[in-house]
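Keep the structure open beside you.

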Amino acid sequence: MSNGLVNPKASFGTMPVFLTALSTILGAILFLRFGWAVGQVGFYGVIGIIIIGHLVTIPTAMAVAEIATNQRVQGGGAYFIISRSFGLNIGAAVGLALYLSQAISVAFYVIAFGEAFEPVFDWIRVNYGIVLADRRIITVPLMVILSVLMLVRGANMGVKALYWVVAILVTSLGFFFFGDSPIKPEVINLSSRIPNGNSFFYVFTIIFPAFTGLAAGLGLSGDLKHPETSIPRGTIWATLAGLIVYFLAAYKFAVSASPEDLVNDQLIMQRIAAWGPIIPIGLAAASLSSALGSIMIAPRTLQAIGADDIFPQFKLNQWLARGKKADNEPINASTITIIIAFVFVFVGDVNFVAQIISMFFMITYGAICLISLLEHFAADPAYRPTFRSHWSISLVGTLASFWVMFKMNMPYAAFSLLIMTLLYVFITKSKHERRGFSKLFRGVIFQLSRELQIFAQRADREDRELSWRPFAICISCDTFRRKSAFDFMRWISHRYGFGTYIHFIKGMLNRSTTAESKIALERLLKLAASFPNRVYLDTIISPSYTSAIAQVVQLSGISGRGNNLILFEFSRTDPHSITDAIQNYPMLESAGFDICILNTGYRGFGYKKEIHIWIKPEDYKNANLMILLGYITLGHPEWKRGFIKIFAIVPHAEMQEERNRLIRLIKQGRIPISQSNVEMIPLEEGEDRKEIISRFSVDADLTIIGFKTEKLKNGIELFDGYGDLGNILFVSSNQHKSIE
């Protein structure tokens, strides 16, 4: 949105915002339906309606004040705030709904203006016998007059009229509050209400538009000289003033007339007031002021939407965004608004129009409170409002908005959300825009991640040792030649662990290698997007594999804890590629790392069905880690049909004892391994263990074998001689792991 939506002659201050909001709050609903509401649900019920309504509007007013002091709110008011926080696509979907509610509000207040002539119609009927039942003889001409005035004179005329209208409004309310009602009940019962009245939330739906005035004042944002001060002051003052008046009005109605009188006479205020005729005049003034406010604001919302090129037709957007040269008055958007208003004026039903307005306003207010809430948690340095509310206030506003929306009318709420969803889908197809909400949401996730990392880092060390899980890191220069290591990292980090996969680039850190690393990371991310995974991806540039390992070992894990397991990978066709890694085992061992070396064959992981775990007499430290890794791997959906078989190579004399130990370990550790899948292999004198493993596991998809790090001194001989086995995972545990 360009600055062109700001009136170059903007001169309005806080008072127009306050008056526009207040005249809408103390408008037609107060005169026509508030007494009816007291009769329907009683004094205490109406107090509940006021409190719940202001649980939405007060947090929204504070959220608006906060957002407005962080940035200049340009033309479009609430739409500008939502679209610049949630992005244009979501903002436009909410903004169009907001615009429709504002345009329909024009009709609502014009219809209410017609109700003010009920005493005149009654007088004509009594004195002349002429029955004028159709209020449209008043509302349609008024709509024509308003249309001509707005198209010719614009907002300046509307604001000047507001001062006179509010003066009449305040006068009429003064006569009402100081009136001594001749119809007050003999016994005042604040709990009394008509029997079998309407439900609480139906009455709330009819009354809620009375509390929505803050959006009216916000709509003048493009015409304000200092919106960062005028919007907060005007909206908060108007909201609080309206709250006080409604509390007083509820009590005045409750003590001045019976519930039956309040329900049956929509202009009951003139029977209570010190001078009755002032009430229809006040109603007319309130309705007229609210209609003026809505007919000034709605076109500015539509103009802002057009300026953002939301509609697929460029010429339509240009036409809607166009304003008068002198003051940018939205002449074309006003024309569309007038047409919509005329349609609903012809409908002529106050209650029907009120329900539609309530739904769309509730969605808008919920969105504004949610923006404030997310901004609190995102902690973006660019968000520096001079006025701040507490995050809990925004949370209350957000929850209250969406809860009340569905309590008011479930079908209306579902229909409203459906309309917004369809608008969002339609806009997204024609306008691909990724800013806004994603940025806000990423900020929240960043702050949440930061807090979790700090919490995890400060966790009790004993707790880490009692409950082992893999915090694994893998470093490989063969990322784009073989994906087995990445697959294994995907599996162990799917649910139980955390995985970091680092692509190694050999060389000095300079512009060339930095550019290469960025390209490699993009390739990695693209590759990872093809598979469901929870692996953190990165690259590292280092002059040697040894220095790269030294750097990786010292990296803090993404979980907030240090890493405890490192994975290396090499191809069976090129066994010498693991030499650099095994030469650094003393460094890894001293750092407390468990070491896993994945040997990949041409069969890969096969059908992902059988995992064979081989336990040898010297695997006391390794056995539990091998079983845990097998169990964790089996937890990935790609291994959902898989099972684990344990083979133990032991001397004849120890076979039964070792079998019992393994079965006891499996039961106590609740590892899903059938006893029939535990097989003991007698160790014969001089028999080759590699040949035994190759014979029994020739059809396994993953074979897990333990080793002692001391054996790494023999080089690649440790990993050689396994023939045509599938992938093999060699495991060396730094410490004994507890399964129980």
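The largest nonpolar core holds 127 residues, and those touching the most other members are Leu26, Phe31, Phe34, Ile50, Phe204, Tyr246 and Phe253. A nonpolar core here is a set of buried Ala, Val, Leu, Ile, Met, Phe, Trp, Tyr and Cys residues joined through side-chain atoms within 4.5 Å. Helix α5 (residues 88-115) gives this core its largest share, 17 residues; helices are DSSP runs of H or I, at least four residues, and strands are runs of E, at least two, numbered from the N terminus. Apart from this core lies another one of 46 residues, including Phe488 and Leu662.

This is a predicted model, so local features need pLDDT of at least 70 and side-chain atom pairs pLDDT 80 or more, while totals for chains, interfaces and linings use all residues. Residues are numbered from 1 along each chain as its sequence is written, and side-chain values use heavy atoms, with hydrogens and water left out.

Zoom in on Tyr246. Beyond its neighbours within four places in sequence, Tyr246 is in contact (heavy atoms within 4.5 Å) with Ile25, Leu26, Gly27, Leu30, Phe34, Ile50, Ala210 and Phe211.

Now jump to Ser697, in the loop between α29 (689-696) and β9 (702-706). Is Ser697 buried or exposed? Its relative accessibility is 0%, so Ser697 counts as buried (under 20% relative accessible area; exposed is over 50%, partly exposed in between, with a 1.4 Å probe and protein chains only). Leaving out residues up to four places away in sequence, Ser697 touches His612, Trp614, Phe647, Thr703 and Leu725.

Finally, Ile281 sits in helix α14 (residues 278-307) and is partly exposed, at 41% relative accessible area.
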